[in-house]
Amino acid sequence: MTDCIFCKIIAGEIPSSKLYEDSHVYCFLDINPVTPGHSLVIPKKHFEFLADMAPEYAAPMWEAGRKIASALRKADIKCDGVNFLLADGATAGQEVGHVHLHVIARYRGDGAGYKFDPNRKLPDDDEWKRIADSISSNV
Ligand code: 5GP
Ligand code: ZN
């Protein structure tokens, strides 16, 4: 993909702070970190969405994420926990159209977190079952 920032990073056309790479993935520091050490794991082949990803790229991406998370915990940075975040689609917050797994070092008082509607209504039993059936039949 000629216009993709992350393809350009993989090609070395845009500089990045490389953390790790293998035949399928490239890992580097996010330019606008949520916390110091915020890393991104990307497949070396361009896929826009998770569902597009070939399994031979998907599995190494998660495995590299596991490696990075382990490194964050050992590195000389504040890290008591790790969040994985993958924004799949613009509505989910995806800004770069090349699949990427965020690996975010967390520590007490870092100010990061998820936002949910505190007044959200939980599904009733029938709706709960309908949701479970609908998802499971599409797995
Ligand atoms: P998204 O919002 O799509 O889940 O995340 C995209 C991430 O890519 C953002 O956290 C953003 O800071 C990061 N990013 C965007 N452009 C660049 C870049 O040129 N270099 C690096 N290292 N990170 C980038
Ligand atoms: Zn790309």
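Among contacts between residues at least 6 apart in sequence, what percentage join residues at least 24 apart? In this protein it is 53%. Please keep in mind that this is a predicted model.

First, the overall layout. There are three helices and five strands, and along the sequence they come in the pattern α-β-β-β-α-β-β-α. The C-alpha trace spans about 50 × 35 × 25 Å along its principal axes. The protein has 139 residues, of which 33% count as buried.

Next, the metal. Which residues are the protein donors of the zinc ion, ligand 2? They are Cys4 and Cys7, each through SG, and His46 and His98, each through ND1. These donors lie 2.1 to 2.3 Å from the zinc ion. The angles among the four donor atoms run from 105 to 118 degrees, and the site is tetrahedral. For reference, the ideal angle for four tetrahedral donors is 109.5 degrees.

In sequence, the donor residues are spaced C-x2-C-x38-H-x51-H. Cys4 and His98 link distant parts of the chain, being 94 residues apart. Cys4 sits in the segment before helix H1, residues 5-11, while His98 is in the loop between strand S4 (81-85) and strand S5 (101-106). Both of these residues are buried.

Now the nonpolar packing. The largest nonpolar core has 18 residues, and Val41, Met53, Met61 and Val103 touch the most other members. Strand S2 (25-29), helix H2 (55-74) and S5 are the elements that give two or more residues to this core. H2 gives the most, with seven residues.

Met61 is worth a look on the screen. Leaving out residues up to four places away in sequence, Met61 touches Val25, Val41, Pro43, Leu50, Met53, Leu86, Val99 and Leu101. There is also a second, separate core of nine residues, with Tyr26, Phe28, Leu40 and Val96 among them.

Last, helix H2. The buried residues of H2 include Tyr57, Pro60, Met61, Ile68 and Leu72. Their cover includes strand S1 (18-21), S2, strand S3 (39-43), S4 and S5.

How far apart should the ends of H2 be, at 1.5 Å a residue? Its 20 residues should span 28 Å, and the end C-alpha atoms are 29 Å apart, so the two values agree.

That is what I have; the structure can stay up while we talk.

Key
Residues are numbered from 1 along each chain as its sequence is written. Chains are lettered from A and ligands numbered from 1 in the order in which they are written. This is a predicted model: local features need pLDDT of at least 70, side-chain atom pairs count only at pLDDT 80 or more; totals for chains, interfaces and linings use all residues. Side-chain values use heavy atoms; hydrogens and water are left out. Donors are N, O and S atoms within 2.8 Å of the metal (3.2 Å for Na, K and Ca); water is not among the atoms, so sites may look incomplete. Four donors count as tetrahedral if all angles lie between 85 and 135 degrees; four count as square planar and six as octahedral if opposite donors are over 155 degrees apart and all others between 65 and 115; anything else is irregular. Helices (H or I, at least four residues) and strands (E, at least two) are DSSP runs, numbered from the N terminus. Buried means under 20% relative accessible area, exposed over 50%, partly exposed in between (1.4 Å probe, protein chains only). A nonpolar core is a set of buried Ala, Val, Leu, Ile, Met, Phe, Trp, Tyr and Cys residues joined through side-chain atoms within 4.5 Å. Contact means heavy atoms within 4.5 Å. The expected span of a helix is 1.5 Å times one less than its number of residues.
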